[in-house]
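Hi,

Here is the structure we talked about passing on. Please open it first; my notes follow below.

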Amino acid sequence: TGAAGTTGAAGTTGAACTTGAAGTGGLKTPTEVVSAPNCGNIRLVLSNGTIYYTNLTAGTVSSIAVTGGAAAKIIATAQNKPNAIAVDATNVYWSNDTDRTVMKQAISGTTATTLVPAPADTDAKNKVNALLVDGATLYVGRGLDTYKIPTAGGTLTHLSHSVEGGIPSAFAFDGSVLFQTEDDHNAIT
C-alpha cells in the first residue's frame, strides 16, 4: 500500500497536482458511478448533484446521483441516437443524431417534445454536436453553425458560421461571450 502521494509542482500550462492516493504516485483510480456497456458513446452534463447522460447505442437519456449507488433513472427511451446534452433546473435537452432534432423533456416528466426540428437539408453531417443552456436560452451547434433558441421554443437564431470548417463541439458562456471548441478546425473561437 505505499505512502500517500505528494502534491506536484505546477506545470507549464496547468495548476499543481492534487494529493494522490497511497501508492499511486499522485494519481487516483477513478470510481465508476454507473456502467453502460456497449453504449457506443456517452455524453454527460452535471446539475445539482445529478449526472444526466445520453447512451447513443441504447437510445436512452438517463440520470444518476454523482455518488452512484441506486440504479440510473431512465428519462427517455427509443431515441434516435441521442448525443449532445444540456440541462437546466427543470428540463433536459438532447440531440438525436439520426433525425438531427433537439428534444426537450421536463426532468420529472414522461414525454419528450421536439424543440428544434430537423433541418430541411439531407446532409447527415448537419447534426447537432453541442448544446448549452443558459437561463432561458439554449445554444445549439449544428454542422458548421451556431444558433440559439428560447428554451420555451420558437425560432432558431443564427449566430455564426465557421469559415474554417470547424464543427462546434462544446460551448462555454461567460455571461456576454459564447466560446466554442471547433472539431476539424482544432480551435477555440
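**The largest pocket**

β1 supplies the largest share of the lining of the largest pocket, with five residues. Strands here are DSSP runs (E, at least two residues), numbered from the N terminus.

This is a predicted model: local features need pLDDT of at least 70, side-chain atom pairs count only at pLDDT 80 or more, and totals for chains, interfaces and linings use all residues. Residues are numbered from 1 along each chain as its sequence is written, and side-chain values use heavy atoms, with hydrogens and water left out.

The pocket holds about 220 Å³ of space. Its lining has 16 residues, and L44, V45, I85, L131 and L132 are the closest to the centre. Two or more lining residues each come from β1 (42-47), β5 (82-87), β9 (128-134) and β13 (167-173). By class, 13 are nonpolar, two polar and one charged.

On terms: a pocket is an open set of points on a 1 Å grid over the protein atoms alone, where a 1.4 Å probe fits, with protein on both sides within 12 Å along at least five of seven lines; lining residues have an atom within 4 Å of a point. Volume is the space filled by probe spheres set on the points, which are joined across faces, edges and corners. Nonpolar means Ala, Val, Leu, Ile, Met, Phe, Trp, Tyr, Cys and Pro; charged means Asp, Glu, Lys and Arg; the others, Gly among them, are polar.

**The sheet with β1**

β1 also belongs to an open, antiparallel sheet of four strands, ordered β1-β2-β3-β4. β1 and β4 (73-76) each have a single partner strand, so one side of each lacks a neighbour in the sheet. Six bridges join β1 to β2 (50-55); strands pair if DSSP finds at least two bridges between them. S47 has T50 in β2 as its bridge partner.

Best wishes
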